[in-house]
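Dear colleague,

I am handing over the structure shown below.

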Amino acid sequence: MIKVKETIIFLHGVVGNKNTFKTEMDKLKDQYNLIAYNFYDPNMLGQAYPFSLELLLEQLYTHYKNNRITTAHICTLSFGCIPAMAFAQKYPDMVTSLTFVGGYFCNVPSKLHTQRVQLYKEKQQFDYTTWLKRYAKSLNPNRKQIPEDSEAIFVKHALKLHPTVLEEAIRIQLEFDTRKVLKGMDVPILWVMGEYDELYKATLFELKQDVPHVEYIELKKAGHAAHIHQPEQFMSVFKPFIGKLSEKCR
């Protein structure tokens, strides 16, 4: 009898592409059926086209159906946690587990929420590139402990998108009710944050209260994209998490 591989679906952040988890996929390709895709059509980058949470859910559902997947682990970075949460709420039987790297609560009192509201309001006051740099500095600040220019990386990728796309993404983040979606959800959840990701960690003050079964882990010497900063640390917690779920299903 041929053993069918379990599936892991990887979702990137608000900017970037399907290569966000390339290192992890290279290490897991022999054990799992792996799927990663772009939220945005590479042939339409820079063009105006619809962007909404509903479309992101439809996109994810289509990948399930096209690949004949009945259930899958979903692993996400940052903004990708939103469609993953919403999908697990709508189709709980189709999600084996959720892993959030740099995930956060939307619409809760926090510095992140306050800054996001302010940035959304001031968008019309600046030319787009200037505003985008303000956005990157405010929500993706460089950290002296991390040897990368996270602000420049964000701006570089964001400039490939039409301005309305990022604006709609911010609107989704302001309107999405993370607490309401996660309360009562019994899907296994691994929440991975970087030690230095203070802005996003501050939204998780009541995480254990709202999601008692969550496994929360911080990676040392890592920022928002914790799996990129510390790939070995990440794999040391991610593989056992999905592995033990695989054992339960046997």
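Which residues in α4 meet which residues in α7? In α4 they are His113, Arg116, Val117 and Tyr120, and in α7 they are Glu167, Ile170, Arg171, Gln173 and Leu174; contact means heavy atoms within 4.5 Å.

Please note that this is a predicted model, in which local features need pLDDT of at least 70 and side-chain atom pairs count only at pLDDT 80 or more, while totals for chains, interfaces and linings use all residues. Residues are numbered from 1 along each chain as its sequence is written, and side-chain values use heavy atoms, with hydrogens and water left out. Helices (H or I, at least four residues) and strands (E, at least two) are DSSP runs, numbered from the N terminus.

By class, the contact of α4 with α7 has 4 nonpolar, 2 polar and 3 charged residues. Here Ala, Val, Leu, Ile, Met, Phe, Trp, Tyr, Cys and Pro count as nonpolar, Asp, Glu, Lys and Arg as charged, and the others, Gly among them, as polar. Helix α4 covers residues 111-121 and helix α7 residues 163-175; they pack at an angle of about 140°, with their axes 10 Å apart. That angle makes α4 oblique to α7 (under 35 degrees counts as roughly parallel, over 145 as roughly antiparallel, 65 to 115 as roughly perpendicular and the rest as oblique). Axes are lines fitted to C-alpha atoms, for helices over the stretch in contact, and angles run from 0 to 180 degrees between N-to-C directions.

Helix α7 also meets helix α5 (residues 128-139): their axes come within 12 Å and cross at roughly 35°. From α5, Tyr128, Trp131, Leu132 and Tyr135 make the contact, and from α7, Pro163, Leu166, Ile170 and Gln173. This contact has 7 nonpolar residues, 1 polar residue and no charged residues.

A further partner of α5 is helix α6 (residues 150-158), with axes that come within 9 Å and cross at roughly 140°. At that angle α5 is oblique to α6. Tyr128, Leu132, Lys133, Tyr135, Ala136 and Lys137 of α5 touch Glu151, Phe154, Val155 and Ala158 of α6. By class, there are 7 nonpolar, no polar and 3 charged residues in the contact of α5 with α6.

The sheet

The strands form an open sheet of 6, in the order β2-β1-β3-β4-β5-β6, with parallel pairing; two strands pair if DSSP finds at least two bridges between them. At the edges are β2 (33-36) and β6 (215-219), each of which pairs on one side only. From one strand to the next the twist averages 15°.

Strand β5 (residues 189-194) is joined to β6 in the parallel sense over 5 bridges, and Leu190 stands opposite Glu215 in β6. Helix α3 (residues 81-90) packs on the sheet, where it touches β1 (7-11), β3 (72-77), β4 (95-101) and β5; the direction of α3 makes about 155° with that of β4.

Strands β1 and β2 run parallel and are joined by 4 bridges, with Ile9 opposite Ile35 in β2. Between β1 and β2 the chain crosses through helix α1 (residues 22-28), and this β-α-β crossover is right-handed (with the strands pointing away from the viewer, the path from the first strand over the helix to the second runs clockwise).

Yours sincerely
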